[in-house]
Amino acid sequence: MRIVLLGAPGAGKGTQCKRISARYDLLHLSSGDILRQERAAGTELGKKARSYMDSGGLVPDEVIVEMMAEAISKAPQAGFVLDGFPRTVNQAVKLDESLTGNGQRIDAVLNLNIDEQVVFERMTGRRSCPQCGAVYHIENLKPKVEGECDNDGAVLIQRPDDSLEVVKNRLRAYHEQTKPVVDYYKNNNTVYDIDANSGADEVSALVFGNLDALVEV
Ligand code: AP5
């Protein structure tokens, strides 16, 4: 299966992709996580991406398309779930072109819909593990020990781009550049609209309901 998750910042793409990846044994590819790894490693790519990410803008398409093509080329036969990519219509077109070249296509697109007020609550309360990438929330998805990762005990951090001002810019980029990607897929693929305002388990039930039906076909 080749799956794309779309949605505003904080819609829960990363949270749901981790669960999808575990349930269907798919490779979870998050463009944001790959960029953060590149930054932490101090690579040229990471340096190029820094100013865009810190301001809440999108990293240029040519950088992202090449980076994701390389990551996708390493995916196992079972498939992958894409989190945060594609984020512009141009990225979606390039992805389709490269998949078609290999006789493949995107099998399902899940579009997580969320109210703007909920985005701000989730972003300001998010905490992440700098070691394993696990994601928590100070109210909704608490770790067992406050401030520590359940998996490895690392001290949880707040992402620098989760400040109010940067979140506003990320939402602007979403509305202007990523929302048209939903229409692009609606014209070419099966898109499942998911109400992502409720709790993570309720959202997962909706997601799995759609994907289980696909797997059984
Ligand atoms: P990226 O890391 O992709 O950020 P994003 O899309 O803004 O998404 P987030 O990771 O913030 O949110 P999410 O939807 O994954 O939510 P999460 O599950 O964490 O991108 C960062 C930057 O990199 C971009 O701004 C851009 O500069 C660059 N970039 C990345 N990809 C790019 C691309 N393709 N092109 C160009 N530039 C690119 O959940 C959020 C919080 O809510 C967590 O605390 C979680 O615990 C909690 N939560 C989740 N679901 C629920 C629920 N149902 N109920 C209650 N709480 C929940």
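Keep in mind that this is a predicted model. Start by selecting the ligand and the side chain of R159: an oxygen atom of the ligand is 3.1 Å from an N or O atom in that side chain.

On its own the ligand has 1,100 Å² of accessible area, and the protein covers 97% of that. Colour by secondary structure and look for α1 (13-24), α2 (31-41), α6 (116-125), β6 (135-137) and α8 (200-216), the elements that each give two or more residues to the shell around the ligand. Of these, α2 gives the largest share, with four residues.

Then select the whole shell: 36 residues surround the ligand, and T15, G57, R126, Y136 and R170 are the closest. Colour the shell by class and you get 15 nonpolar, 13 polar and eight charged residues.

Time for the backbone. Most residues other than glycine have a negative phi, and most peptide bonds are trans. Zoom in on F85 and P86 for a cis peptide bond, with omega about 0 degrees; P86 sits in the loop between β3 (80-83) and α5 (89-101).

Last stop: D25, in the loop between α1 and β2 (27-30). Its phi is positive, near 60 degrees, and D25 is not a glycine. Is D25 buried or exposed? Exposed, because its relative accessibility is 60% and the cut-off is over 50%.

Notes
Residues numbered from 1 in each chain as written. Predicted model: local features only at pLDDT ≥ 70, side-chain atom pairs only at ≥ 80, totals over all residues. Heavy atoms only, no water. Near = heavy atom within 4 Å. Polar contact = N/O pair within 3.5 Å; in protein donor to acceptor, adjacent residues only side chain to side chain. Areas by Shrake-Rupley, 256 points an atom, 1.4 Å probe, with all protein chains shown as cover. Nonpolar A, V, L, I, M, F, W, Y, C, P; charged D, E, K, R; others polar. Buried < 20%, exposed > 50% of the residue type's maximum accessible area, 1.4 Å probe, protein only.
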